[in-house]
Amino acid sequence: MEIILDNLVEAKRQLDSTIHKLKETVKTLEGKENPNRYKSQITLAQRRIEAFELSVVLIEREIRDLSENSK
């Protein structure tokens with residue numbers, strides 16, 4: 001079970017990093033001279049952020065459940 005927990009923690013760390021990078025990408029694209037030109041890329045990044053944030057919530061729930069069951 002420790003391996004599973006370690007994998008979940010690492011997956012969460014990777015997702016958090018990706019979310020951060022995507023948020024910076026959105027800021028950059030929105031700050032461009034003509035942000036409407038990048039509307040589809042901005043929308044795609046925002047949807048990915050939402051999906052990754054949902055994944056993080058589910059991983060955190062699983063980590064919490066595994067931690068509670070190992071006590």
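The dialogue below sets computed values against the definitions of the terms.

Tutor: This is a predicted model, in which local features need pLDDT of at least 70, side-chain atom pairs count only at pLDDT 80 or more, and totals for chains, interfaces and linings use all residues. Residues are numbered from 1 along each chain as its sequence is written, and side-chain values use heavy atoms, with hydrogens and water left out.

Student: What makes α1 roughly antiparallel to α2?

Tutor: Helices here are DSSP runs (H or I, at least four residues), numbered from the N terminus. α1 and α2 pack at an angle of about 155°, and their axes are 9 Å apart. The axes are lines fitted to C-alpha atoms over the stretch in contact, and the angle, on a scale from 0 to 180 degrees, is taken between N-to-C directions. Angles over 145 degrees count as roughly antiparallel, under 35 as roughly parallel, 65 to 115 as roughly perpendicular and the rest as oblique; therefore α1 is roughly antiparallel to α2.

Student: Which residues of the largest nonpolar core touch the most other members?

Tutor: They are Leu 8, Val 26, Ile 42, Ile 49, Ile 59 and Ile 63, in a core of 15 residues. The elements giving two or more residues to this core are α1 (2-30) and α2 (39-69).

Student: Why is this called a nonpolar core?

Tutor: The name is used because such a set consists of buried Ala, Val, Leu, Ile, Met, Phe, Trp, Tyr and Cys residues joined through side-chain atoms within 4.5 Å. Leaving aside residues up to four places away in sequence, Ile 59 touches Leu 8, Ala 11, Lys 12 and Leu 15, where contact means heavy atoms within 4.5 Å.

Student: How do you know whether Lys 12 is buried, partly exposed or exposed?

Tutor: Buried means under 20% relative accessible area, exposed over 50%, and partly exposed in between (1.4 Å probe, protein chains only). Lys 12 has 22% relative accessibility, so Lys 12 counts as partly exposed. Asp 16, with a relative accessible area of 31%, is therefore partly exposed too.

Student: Why is the pairing of Asp 16 and Lys 12 called a salt bridge?

Tutor: A salt bridge is a side-chain nitrogen of Lys or Arg within 4 Å of a carboxyl oxygen of Asp or Glu. The side chains of Asp 16 and Lys 12 meet at 2.6 Å, N to O, and form a salt bridge. These two residues are separated by about one helical turn because they lie 4 residues apart in helix α1. Salt bridges also link Lys 12, Asp 16 and Glu 60 in a network. The structure holds 5 salt bridges.

Student: What makes Glu 53 and Lys 23 a pair that links distant parts of the chain?

Tutor: The closest N and O atoms of the Glu 53 and Lys 23 salt bridge are 3.3 Å apart. Glu 53 belongs to helix α2 and Lys 23 to helix α1, and the two are 30 residues apart, so the pair links distant parts of the chain. Glu 53 is partly exposed, at a relative accessible area of 34%, and Lys 23 is partly exposed at 39%.

Student: How do you know that Lys 27 is exposed?

Tutor: Lys 27 has 53% relative accessibility and therefore counts as exposed. Its salt-bridge partner is Glu 24, at 3.4 Å, N to O. Glu 24, by contrast, is partly exposed, with a relative accessible area of 34%.
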